[in-house]
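Welcome, and thanks for taking a look at this structure. Please have the sequence and the 3D view open as you read the notes that follow.

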Amino acid sequence: ERLAEMMNVIGTAPRTAHYVASKVIWATGTFDTFSAWMQRAALGETLSHVEYLVLEGKLAKFMEGGVQYYKRAGND
């Protein structure tokens, strides 16, 4: 379910992991109300999921302006 949710958040536009983490529905609250520590934890979880989706061939990643982005594979 979490993988599908992250794919839905990414949609058709390239997104950063931070953006994805900020839009995911977390069981313990919203990203903007988390402490800095919990935001880092949410970002770490998000990164593990989006990197897994890259390995599965569902997402691609690229750097632009020193920022890492994720997009649906084949969405150029």
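In this predicted model, Glu 64 stands opposite Val 67, a residue of strand S2. Let us begin with that pair of strands and then move on to the core and the rings.

**The hairpin**
- Strand S1 covers residues 59-64 and strand S2 covers residues 67-72; they pair in the antiparallel sense over six bridges.
- Two residues lie between S1 and S2, which form a hairpin.
- Gly 65 sits in the turn and has a positive phi of about 60 degrees.

**The nonpolar core**
- The largest nonpolar core has 16 residues, and Trp 26 and Leu 59 touch the most other members.
- Helix H1 (2-10), helix H2 (17-23) and helix H3 (36-55) are the elements that give two or more residues to this core.
- H1 gives the most to this core, with four residues.

**Around Trp 26**
- Leaving aside residues up to four places away in sequence, Trp 26 touches Arg 2, Ala 21, Phe 31, Phe 34, Ala 42, Glu 45 and Thr 46.
- One of these neighbours, Arg 2, has its charged end over the ring of Trp 26, 4.6 Å from the ring centre.

**Aromatic pairs**
- With ring centres within 6.5 Å as the cut-off, the count comes to two aromatic pairs.
- Phe 62 and Tyr 69 have ring centres 5.5 Å apart and planes at 20 degrees, so this pair is stacked, given that planes under 30 degrees apart count as stacked.
- Phe 62 is partly exposed, with a relative accessible area of 23%, and Tyr 69 is partly exposed too, at 22%.

Definitions and conventions. Residues numbered from 1 in each chain as written. Predicted model: local features only at pLDDT ≥ 70, side-chain atom pairs only at ≥ 80, totals over all residues. Heavy atoms only, no water. Phe/Tyr/Trp six-rings, centres within 6.5 Å; stacked < 30°, edge-to-face > 60°. Buried < 20%, exposed > 50% of the residue type's maximum accessible area, 1.4 Å probe, protein only. Lys NZ or Arg CZ within 6 Å of the ring centre and 35° of its normal. Core = buried A, V, L, I, M, F, W, Y, C linked by side-chain atoms within 4.5 Å. Contact = heavy atoms within 4.5 Å. Pairing = 2+ DSSP bridges.
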